[in-house]
Amino acid sequence: MNQESNIPTKKPDVMDALLSEHARLGSGEDTALVEAILLRTVNQPLELPQPIAKASFGWQDWAKMAAAVTLFFGMTALVLHQIKGGERAETTFQLTVTYATADNQLAEPDTMPEENPAPSNRIGIVRDVTGVVAATDLKPIAPIMQVAEFTLVETTSPAELNGTFTPSIDVFEAATAGRVESFAVSANHSKRTDSALEYDGKVEVNHPEFHIQAERLVVQASSSSTASYASTGSLSGLWRNH
Amino acid sequence: MHLISAIANDVENQLSESQPDLHDPAVFGDLVRAHHRELIVYARALTRESNTANDIVQEAFIVAFDKMDTFDVTRDFPTWMRGIVRNKWREWVRKNKRYQYSDTNIAEMDADIAAWQAESAAGNRTVFDALSSCLERLPENLRETVNEFYYNDQNGEEVAEALGVSPAAIRKRLQRARELLKACVDRKISDQSLQES
(Lines give C-alpha, C1' and ligand atoms only; values in the text may rest on other atoms or scores of the structure.)
Protein backbone atom coordinates (compact mmCIF):
# COMPACT_ATOMS: atom_id res chain seq x y z
CA MET A 1 0.00 0.00 0.00
CA ASN A 2 1.62 3.19 -1.09
CA GLN A 3 1.35 6.44 0.70
CA GLU A 4 -1.06 7.96 -1.78
CA SER A 5 -3.60 5.25 -1.12
CA ASN A 6 -4.07 6.73 2.34
CA ILE A 7 -5.13 10.05 0.85
CA PRO A 8 -8.92 10.35 0.92
CA THR A 9 -10.68 10.27 -2.42
CA LYS A 10 -13.15 13.03 -2.96
CA LYS A 11 -15.46 14.11 -5.71
CA PRO A 12 -14.63 17.44 -7.31
CA ASP A 13 -17.48 19.91 -7.30
CA VAL A 14 -17.14 22.01 -10.40
CA MET A 15 -20.28 24.02 -9.55
CA ASP A 16 -18.87 24.96 -6.17
CA ALA A 17 -15.75 26.24 -7.93
CA LEU A 18 -17.81 28.02 -10.57
CA LEU A 19 -19.97 29.76 -7.97
CA SER A 20 -16.95 30.77 -5.92
CA GLU A 21 -15.21 32.21 -8.96
CA HIS A 22 -18.38 33.95 -10.12
CA ALA A 23 -18.80 35.47 -6.65
CA ARG A 24 -15.20 36.67 -6.80
CA LEU A 25 -15.17 38.41 -10.16
CA GLY A 26 -18.53 38.01 -11.83
CA SER A 27 -18.31 37.62 -15.60
CA GLY A 28 -15.29 39.84 -16.07
CA GLU A 29 -11.70 38.84 -16.48
CA ASP A 30 -9.10 38.58 -13.78
CA THR A 31 -7.09 41.59 -14.90
CA ALA A 32 -4.34 41.14 -12.34
CA LEU A 33 -3.81 37.52 -13.28
CA VAL A 34 -3.81 38.27 -17.00
CA GLU A 35 -1.29 41.04 -16.52
CA ALA A 36 0.90 38.80 -14.40
CA ILE A 37 0.82 36.08 -17.03
CA LEU A 38 1.57 38.46 -19.89
CA LEU A 39 4.42 40.07 -17.98
CA ARG A 40 6.03 36.70 -17.55
CA THR A 41 5.39 35.60 -21.14
CA VAL A 42 4.86 37.90 -24.12
CA ASN A 43 5.47 41.18 -22.28
CA GLN A 44 8.71 40.25 -20.62
CA PRO A 45 11.03 43.26 -20.40
CA LEU A 46 13.71 42.99 -23.02
CA GLU A 47 17.31 42.89 -21.89
CA LEU A 48 19.23 45.63 -23.65
CA PRO A 49 22.35 44.57 -25.49
CA GLN A 50 25.57 45.65 -23.84
CA PRO A 51 26.64 48.26 -26.46
CA ILE A 52 23.35 50.14 -26.00
CA ALA A 53 23.83 50.10 -22.27
CA LYS A 54 27.26 51.64 -22.71
CA ALA A 55 25.92 54.30 -25.05
CA SER A 56 23.42 55.39 -22.41
CA PHE A 57 26.17 56.49 -20.05
CA GLY A 58 24.50 59.68 -18.85
CA TRP A 59 25.33 62.50 -16.51
CA GLN A 60 24.17 60.48 -13.52
CA ASP A 61 26.80 57.89 -14.34
CA TRP A 62 29.45 60.56 -14.73
CA ALA A 63 28.42 62.04 -11.40
CA LYS A 64 28.66 58.64 -9.76
CA MET A 65 32.06 58.06 -11.26
CA ALA A 66 33.29 61.50 -10.15
CA ALA A 67 31.98 60.87 -6.64
CA ALA A 68 33.73 57.50 -6.57
CA VAL A 69 37.02 59.01 -7.72
CA THR A 70 36.74 61.85 -5.19
CA LEU A 71 35.96 59.39 -2.44
CA PHE A 72 38.91 57.25 -3.46
CA PHE A 73 41.38 60.11 -3.39
CA GLY A 74 39.89 61.48 -0.21
CA MET A 75 40.24 58.16 1.53
CA THR A 76 43.75 57.74 0.16
CA ALA A 77 44.76 61.19 1.44
CA LEU A 78 43.22 60.45 4.82
CA VAL A 79 45.03 57.16 5.11
CA LEU A 80 48.32 58.70 4.02
CA HIS A 81 47.83 61.53 6.48
CA GLN A 82 47.21 59.07 9.29
CA ILE A 83 50.20 57.00 8.30
CA LYS A 84 52.34 60.12 8.10
CA GLY A 85 51.06 61.26 11.47
CA GLY A 86 51.88 57.92 12.96
CA GLU A 87 55.39 57.89 11.60
CA ARG A 88 58.19 59.57 13.40
CA ALA A 89 59.97 62.32 11.56
CA GLU A 90 63.54 61.43 10.97
CA THR A 91 66.41 63.41 9.56
CA THR A 92 70.05 62.51 9.31
CA PHE A 93 72.64 65.22 9.67
CA GLN A 94 76.30 65.04 8.97
CA LEU A 95 77.93 67.40 11.35
CA THR A 96 81.33 68.79 11.53
CA VAL A 97 81.73 69.33 15.20
CA THR A 98 83.93 71.98 16.51
CA TYR A 99 84.01 72.09 20.26
CA ALA A 100 84.59 75.21 22.18
CA THR A 101 84.76 74.66 25.88
CA ALA A 102 84.87 76.90 28.86
CA ASP A 103 87.14 76.58 31.80
CA ASN A 104 88.56 73.12 32.33
CA GLN A 105 85.59 71.03 31.43
CA LEU A 106 87.43 69.32 28.62
CA ALA A 107 90.37 68.57 30.76
CA GLU A 108 88.49 66.34 33.09
CA PRO A 109 87.85 63.45 30.66
CA ASP A 110 91.57 63.16 30.10
CA THR A 111 92.12 62.45 33.69
CA MET A 112 89.14 60.23 34.29
CA PRO A 113 90.36 56.99 32.62
CA GLU A 114 93.19 56.74 35.11
CA GLU A 115 91.07 57.64 38.09
CA ASN A 116 88.02 55.67 37.16
CA PRO A 117 88.28 53.40 34.12
CA ALA A 118 84.55 52.68 34.08
CA PRO A 119 83.11 54.29 30.98
CA SER A 120 80.08 55.56 32.85
CA ASN A 121 82.25 57.41 35.26
CA ARG A 122 84.18 58.88 32.46
CA ILE A 123 81.03 60.26 30.94
CA GLY A 124 79.64 61.38 34.19
CA ILE A 125 81.98 64.24 34.41
CA VAL A 126 81.10 65.70 31.08
CA ARG A 127 79.19 68.79 32.05
CA ASP A 128 77.51 71.43 29.97
CA VAL A 129 79.50 70.76 26.92
CA THR A 130 78.90 73.54 24.52
CA GLY A 131 79.75 72.87 20.96
CA VAL A 132 79.80 74.86 17.82
CA VAL A 133 78.79 72.64 15.03
CA ALA A 134 79.10 73.02 11.32
CA ALA A 135 76.61 70.75 9.74
CA THR A 136 75.78 69.60 6.31
CA ASP A 137 72.24 68.48 6.00
CA LEU A 138 72.29 65.55 3.68
CA LYS A 139 68.64 66.02 2.96
CA PRO A 140 67.76 68.04 -0.12
CA ILE A 141 65.65 70.34 2.05
CA ALA A 142 68.80 71.91 3.54
CA PRO A 143 71.64 71.59 1.13
CA ILE A 144 73.73 74.43 2.50
CA MET A 145 76.51 74.13 5.00
CA GLN A 146 75.29 75.06 8.38
CA VAL A 147 76.89 75.74 11.66
CA ALA A 148 75.11 74.71 14.77
CA GLU A 149 75.51 75.22 18.41
CA PHE A 150 74.12 72.85 20.92
CA THR A 151 74.31 72.20 24.57
CA LEU A 152 74.41 68.81 26.13
CA VAL A 153 73.24 68.81 29.66
CA GLU A 154 74.44 66.11 31.91
CA THR A 155 71.93 63.58 33.04
CA THR A 156 70.83 63.95 36.59
CA SER A 157 71.63 60.49 37.79
CA PRO A 158 74.91 58.70 37.41
CA ALA A 159 72.98 55.45 37.19
CA GLU A 160 71.70 56.52 33.79
CA LEU A 161 75.16 56.93 32.47
CA ASN A 162 75.69 53.46 31.23
CA GLY A 163 77.61 53.99 28.05
CA THR A 164 80.67 55.52 26.64
CA PHE A 165 81.06 58.72 24.77
CA THR A 166 84.02 57.91 22.65
CA PRO A 167 84.05 60.93 20.41
CA SER A 168 86.43 62.01 23.00
CA ILE A 169 86.35 65.63 23.65
CA ASP A 170 90.00 65.61 24.65
CA VAL A 171 91.14 64.94 21.13
CA PHE A 172 90.38 68.51 20.32
CA GLU A 173 93.33 70.55 21.16
CA ALA A 174 91.86 73.85 20.21
CA ALA A 175 88.48 75.42 20.34
CA THR A 176 88.30 75.28 16.60
CA ALA A 177 89.14 71.64 16.30
CA GLY A 178 86.61 69.80 14.27
CA ARG A 179 85.50 66.41 13.15
CA VAL A 180 82.66 64.95 11.11
CA GLU A 181 79.87 63.25 12.97
CA SER A 182 76.58 61.88 11.79
CA PHE A 183 73.45 62.32 13.84
CA ALA A 184 70.06 60.93 13.15
CA VAL A 185 67.24 62.97 14.62
CA SER A 186 63.82 61.41 14.96
CA ALA A 187 60.69 62.77 16.58
CA ASN A 188 56.93 62.36 16.57
CA HIS A 189 56.48 65.55 14.63
CA SER A 190 58.72 67.79 12.61
CA LYS A 191 58.15 71.13 11.01
CA ARG A 192 60.32 73.17 8.75
CA THR A 193 60.13 76.95 8.81
CA ASP A 194 62.18 79.54 7.00
CA SER A 195 64.69 79.72 9.79
CA ALA A 196 64.55 76.44 11.60
CA LEU A 197 63.78 72.80 11.76
CA GLU A 198 61.57 71.98 14.71
CA TYR A 199 61.13 68.56 16.24
CA ASP A 200 58.48 67.78 18.83
CA GLY A 201 57.62 64.75 20.84
CA LYS A 202 60.08 62.16 22.00
CA VAL A 203 62.95 63.62 20.08
CA GLU A 204 65.82 61.22 19.74
CA VAL A 205 69.27 62.14 18.52
CA ASN A 206 71.12 59.03 17.52
CA HIS A 207 74.79 58.86 17.05
CA PRO A 208 76.75 55.67 16.54
CA GLU A 209 78.18 56.17 19.97
CA PHE A 210 75.49 57.96 21.95
CA HIS A 211 71.82 58.60 22.16
CA ILE A 212 70.01 61.77 23.26
CA GLN A 213 66.36 62.03 24.23
CA ALA A 214 64.39 65.24 24.44
CA GLU A 215 60.86 66.49 24.14
CA ARG A 216 61.67 69.27 21.72
CA LEU A 217 64.52 70.22 19.49
CA VAL A 218 64.83 73.34 17.39
CA VAL A 219 67.55 73.65 14.82
CA GLN A 220 67.78 77.32 13.99
CA ALA A 221 69.43 78.77 10.96
CA SER A 222 71.11 82.11 10.98
CA SER A 223 70.91 84.73 8.28
CA SER A 224 74.37 83.84 7.09
CA SER A 225 75.46 80.60 5.61
CA THR A 226 75.72 79.16 9.05
CA ALA A 227 73.04 78.07 11.36
CA SER A 228 72.89 77.50 15.02
CA TYR A 229 71.54 74.28 16.37
CA ALA A 230 70.03 74.93 19.72
CA SER A 231 68.38 72.57 22.01
CA THR A 232 65.41 73.96 23.79
CA GLY A 233 63.39 72.60 26.57
CA SER A 234 64.85 69.81 28.55
CA LEU A 235 67.23 68.22 26.20
CA SER A 236 69.04 65.64 28.20
CA GLY A 237 71.74 63.34 27.16
CA LEU A 238 71.61 59.68 27.90
CA TRP A 239 74.64 57.86 26.73
CA ARG A 240 74.04 54.37 25.68
CA ASN A 241 76.40 51.64 24.84
CA HIS A 242 75.74 50.70 21.21
CA MET B 1 0.75 11.29 -56.75
CA HIS B 2 0.31 14.98 -57.31
CA LEU B 3 -3.25 14.75 -56.11
CA ILE B 4 -2.21 13.12 -52.82
CA SER B 5 0.44 15.77 -52.28
CA ALA B 6 -2.04 18.51 -52.95
CA ILE B 7 -4.52 17.04 -50.49
CA ALA B 8 -1.81 16.76 -47.85
CA ASN B 9 -0.81 20.36 -48.34
CA ASP B 10 -4.40 21.43 -48.17
CA VAL B 11 -4.92 19.59 -44.88
CA GLU B 12 -1.76 21.10 -43.50
CA ASN B 13 -2.85 24.57 -44.53
CA GLN B 14 -6.25 24.07 -42.97
CA LEU B 15 -4.66 22.91 -39.74
CA SER B 16 -2.30 25.85 -39.63
CA GLU B 17 -5.15 28.24 -40.35
CA SER B 18 -7.33 26.79 -37.64
CA GLN B 19 -4.64 26.72 -34.98
CA PRO B 20 -3.50 29.87 -33.26
CA ASP B 21 0.02 31.09 -33.77
CA LEU B 22 1.27 31.04 -30.20
CA HIS B 23 4.41 32.91 -31.20
CA ASP B 24 2.29 35.95 -31.93
CA PRO B 25 2.13 37.95 -28.67
CA ALA B 26 -1.29 39.31 -29.56
CA VAL B 27 -2.65 35.84 -30.20
CA PHE B 28 -1.19 34.51 -26.97
CA GLY B 29 -2.64 37.43 -25.03
CA ASP B 30 -6.08 36.80 -26.53
CA LEU B 31 -5.87 33.13 -25.58
CA VAL B 32 -4.98 34.05 -22.00
CA ARG B 33 -7.93 36.42 -21.75
CA ALA B 34 -10.30 33.94 -23.37
CA HIS B 35 -9.48 30.92 -21.23
CA HIS B 36 -8.08 31.98 -17.89
CA ARG B 37 -11.41 32.19 -16.04
CA GLU B 38 -12.55 28.70 -16.97
CA LEU B 39 -9.12 27.37 -16.18
CA ILE B 40 -9.31 29.02 -12.76
CA VAL B 41 -12.62 27.25 -12.17
CA TYR B 42 -10.99 24.03 -13.28
CA ALA B 43 -7.99 24.51 -11.00
CA ARG B 44 -10.20 25.63 -8.15
CA ALA B 45 -12.35 22.54 -8.46
CA LEU B 46 -9.20 20.46 -8.37
CA THR B 47 -7.43 22.24 -5.51
CA ARG B 48 -10.41 23.69 -3.58
CA GLU B 49 -8.22 26.70 -2.90
CA SER B 50 -8.62 30.04 -4.64
CA ASN B 51 -5.04 31.27 -4.36
CA THR B 52 -3.55 27.92 -5.30
CA ALA B 53 -5.84 27.77 -8.32
CA ASN B 54 -4.66 31.18 -9.51
CA ASP B 55 -1.03 30.19 -9.05
CA ILE B 56 -1.52 26.98 -10.97
CA VAL B 57 -3.21 28.76 -13.88
CA GLN B 58 -0.47 31.36 -14.03
CA GLU B 59 2.23 28.72 -14.03
CA ALA B 60 0.35 26.72 -16.64
CA PHE B 61 0.27 29.64 -19.06
CA ILE B 62 3.96 30.27 -18.52
CA VAL B 63 4.72 26.63 -19.24
CA ALA B 64 2.59 26.84 -22.38
CA PHE B 65 4.47 29.93 -23.54
CA ASP B 66 7.84 28.34 -22.88
CA LYS B 67 6.87 25.11 -24.63
CA MET B 68 4.80 26.47 -27.45
CA ASP B 69 7.12 24.80 -29.94
CA THR B 70 6.01 21.43 -28.64
CA PHE B 71 2.34 22.29 -28.96
CA ASP B 72 0.55 19.60 -30.91
CA VAL B 73 -1.44 21.38 -33.58
CA THR B 74 -3.79 18.41 -33.87
CA ARG B 75 -5.12 19.29 -30.41
CA ASP B 76 -6.87 22.44 -29.49
CA PHE B 77 -5.35 24.99 -27.17
CA PRO B 78 -7.88 24.67 -24.31
CA THR B 79 -7.34 20.92 -24.15
CA TRP B 80 -3.59 21.44 -24.04
CA MET B 81 -3.97 24.00 -21.29
CA ARG B 82 -6.20 21.75 -19.19
CA GLY B 83 -3.59 19.05 -19.46
CA ILE B 84 -0.92 21.45 -18.17
CA VAL B 85 -3.20 22.56 -15.33
CA ARG B 86 -3.81 18.94 -14.38
CA ASN B 87 -0.10 18.24 -14.32
CA LYS B 88 0.46 21.27 -12.12
CA TRP B 89 -2.34 20.13 -9.84
CA ARG B 90 -0.83 16.63 -9.60
CA GLU B 91 2.49 18.17 -8.60
CA TRP B 92 0.66 20.14 -5.94
CA VAL B 93 -1.21 17.04 -4.71
CA ARG B 94 2.04 15.09 -4.45
CA LYS B 95 3.47 17.83 -2.26
CA ASN B 96 0.37 18.33 -0.15
CA LYS B 97 -1.09 14.80 -0.05
CA ARG B 98 -4.52 16.03 0.96
CA TYR B 99 -6.85 14.05 -1.25
CA GLN B 100 -7.16 12.57 -4.66
CA TYR B 101 -9.79 12.30 -7.33
CA SER B 102 -10.75 9.30 -9.36
CA ASP B 103 -9.91 9.44 -13.06
CA THR B 104 -13.64 9.22 -13.84
CA ASN B 105 -14.38 12.28 -11.74
CA ILE B 106 -11.57 14.20 -13.34
CA ALA B 107 -12.74 13.20 -16.78
CA GLU B 108 -16.27 14.37 -16.02
CA MET B 109 -15.11 17.68 -14.77
CA ASP B 110 -12.75 18.01 -17.72
CA ALA B 111 -15.66 17.53 -20.10
CA ASP B 112 -17.64 20.27 -18.37
CA ILE B 113 -14.80 22.76 -18.51
CA ALA B 114 -14.09 21.84 -22.15
CA ALA B 115 -17.67 22.65 -23.12
CA TRP B 116 -17.52 25.97 -21.30
CA GLN B 117 -14.21 26.88 -22.88
CA ALA B 118 -15.52 26.03 -26.31
CA GLU B 119 -18.38 28.47 -25.93
CA SER B 120 -16.13 31.14 -24.56
CA ALA B 121 -13.59 30.65 -27.36
CA ALA B 122 -16.40 30.85 -29.93
CA GLY B 123 -17.20 34.31 -28.67
CA ASN B 124 -20.53 33.28 -27.19
CA ARG B 125 -21.76 34.01 -23.72
CA THR B 126 -19.48 32.58 -21.15
CA VAL B 127 -20.37 30.09 -18.46
CA PHE B 128 -20.34 32.99 -16.03
CA ASP B 129 -23.01 34.76 -18.04
CA ALA B 130 -25.05 31.56 -18.08
CA LEU B 131 -24.65 31.20 -14.35
CA SER B 132 -25.87 34.74 -13.75
CA SER B 133 -28.99 33.94 -15.72
CA CYS B 134 -29.53 30.63 -13.95
CA LEU B 135 -29.17 32.18 -10.49
CA GLU B 136 -32.20 34.35 -11.18
CA ARG B 137 -34.27 31.25 -11.80
CA LEU B 138 -33.43 29.52 -8.56
CA PRO B 139 -36.19 29.15 -5.97
CA GLU B 140 -36.13 31.95 -3.43
CA ASN B 141 -34.90 29.90 -0.45
CA LEU B 142 -32.09 28.37 -2.49
CA ARG B 143 -31.09 31.67 -4.04
CA GLU B 144 -30.81 33.44 -0.71
CA THR B 145 -28.82 30.53 0.68
CA VAL B 146 -26.43 30.64 -2.28
CA ASN B 147 -26.23 34.39 -1.99
CA GLU B 148 -25.31 34.32 1.68
CA PHE B 149 -22.86 31.45 1.38
CA TYR B 150 -20.97 32.38 -1.82
CA TYR B 151 -21.56 36.06 -2.46
CA ASN B 152 -21.59 37.26 1.13
CA ASP B 153 -18.76 34.90 2.02
CA GLN B 154 -20.34 33.37 5.13
CA ASN B 155 -19.79 29.88 6.40
CA GLY B 156 -22.55 27.28 6.90
CA GLU B 157 -23.18 28.11 10.54
CA GLU B 158 -23.41 31.83 9.85
CA VAL B 159 -25.82 31.29 6.96
CA ALA B 160 -27.92 28.94 9.12
CA GLU B 161 -28.12 31.52 11.86
CA ALA B 162 -28.92 34.31 9.43
CA LEU B 163 -31.73 32.34 7.77
CA GLY B 164 -32.97 30.69 10.98
CA VAL B 165 -32.46 27.10 9.85
CA SER B 166 -30.11 24.33 10.87
CA PRO B 167 -26.63 23.97 9.36
CA ALA B 168 -27.66 20.61 7.95
CA ALA B 169 -30.52 22.25 6.12
CA ILE B 170 -28.12 24.79 4.68
CA ARG B 171 -25.85 22.01 3.41
CA LYS B 172 -28.81 20.35 1.72
CA ARG B 173 -29.97 23.64 0.21
CA LEU B 174 -26.53 24.36 -1.18
CA GLN B 175 -26.26 20.89 -2.65
CA ARG B 176 -29.65 21.20 -4.26
CA ALA B 177 -28.86 24.66 -5.60
CA ARG B 178 -25.63 23.47 -7.20
CA GLU B 179 -27.43 20.59 -8.91
CA LEU B 180 -30.08 22.90 -10.32
CA LEU B 181 -27.53 25.44 -11.41
CA LYS B 182 -25.41 22.79 -13.07
CA ALA B 183 -28.33 21.52 -15.04
CA CYS B 184 -29.31 25.04 -16.01
CA VAL B 185 -25.82 26.03 -17.11
CA ASP B 186 -25.37 22.82 -19.10
CA ARG B 187 -28.65 23.39 -20.81
CA LYS B 188 -27.81 26.96 -21.74
CA ILE B 189 -24.39 25.99 -23.03
CA SER B 190 -25.87 23.10 -24.96
CA ASP B 191 -28.60 25.25 -26.44
CA GLN B 192 -26.02 27.75 -27.48
CA SER B 193 -24.00 25.09 -29.22
CA LEU B 194 -27.05 23.81 -31.00
CA GLN B 195 -27.90 27.27 -32.21
CA GLU B 196 -24.39 27.65 -33.60
CA SER B 197 -24.56 24.37 -35.43
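Reader: What should I know before I start?
Author: This is a predicted model: local features need pLDDT of at least 70, side-chain atom pairs count only at pLDDT 80 or more, and totals for chains, interfaces and linings use all residues. Residues are numbered from 1 along each chain as its sequence is written, chains are lettered from A and ligands numbered from 1 in the order in which they are written, and side-chain values use heavy atoms, with hydrogens and water left out.

Reader: OK. How many helices and strands does chain A have?
Author: Chain A has six helices and 10 strands. Helices (H or I, at least four residues) and strands (E, at least two) are DSSP runs, numbered from the N terminus.

Reader: And chain B, what is its secondary structure?
Author: Nine helices and one strand. From the N terminus, the order in chain B is α-α-α-α-β-α-α-α-α-α.

Reader: What area is buried between chain A and chain B?
Author: About 3,900 Å², with 67% of that from carbon and sulfur atoms. Buried area is the accessible area (1.4 Å probe) that two parts lose on being put together, summed over both.

Reader: How many salt bridges cross the interface?
Author: The rule finds five between chain A and chain B. A salt bridge here is a side-chain nitrogen of Lys or Arg within 4 Å of a carboxyl oxygen of Asp or Glu.

Reader: Let's pick a residue. Where is A:Glu21?
Author: A:Glu21 lies in helix α1 (residues 14-25) of chain A.

Reader: Is A:Glu21 buried or exposed?
Author: A:Glu21 is buried, because its relative accessible area is 0%.

Reader: What is A:Glu21 in contact with?
Author: Leaving aside neighbours within four places in sequence, the partners of A:Glu21 are A:Gly26, B:Arg37, B:Ile40, B:Val41, B:Arg44 and B:Phe128. With B:Arg44, A:Glu21 forms a salt bridge, and the closest N and O atoms are 3.6 Å apart.

Reader: And A:Thr41, where is that?
Author: A:Thr41 is in the loop between α2 and α3 (50-55) of chain A. A:Thr41 counts as buried because its relative accessible area is 2%. Beyond neighbours within four places in sequence, A:Thr41 is in contact with B:Phe28, B:Phe61, B:Ile62 and B:Phe65.

Reader: What does the side chain of A:Thr41 reach?
Author: The backbone oxygen of A:Ile37, at 2.6 Å.

Reader: Strands next. How do β1(A) and strand β1 of chain B pair?
Author: In the parallel sense, over two bridges, with residues 100-101 forming the strand of chain B. Two strands pair if DSSP finds at least two bridges between them. A:Thr9 stands opposite B:Gln100.

Reader: What do β6(A) and β7(A) form?
Author: A hairpin, with three residues between β6(A) and β7(A). Strands β6 (residues 189-192) and β7 (residues 196-207) of chain A run antiparallel, joined by four bridges. The bridge partner of A:Lys191 is A:Glu198 in β7(A).

Note on methods. Buried < 20%, exposed > 50% of the residue type's maximum accessible area, 1.4 Å probe, protein only. Contact = heavy atoms within 4.5 Å. Polar contact = N/O pair within 3.5 Å; in protein donor to acceptor, adjacent residues only side chain to side chain.
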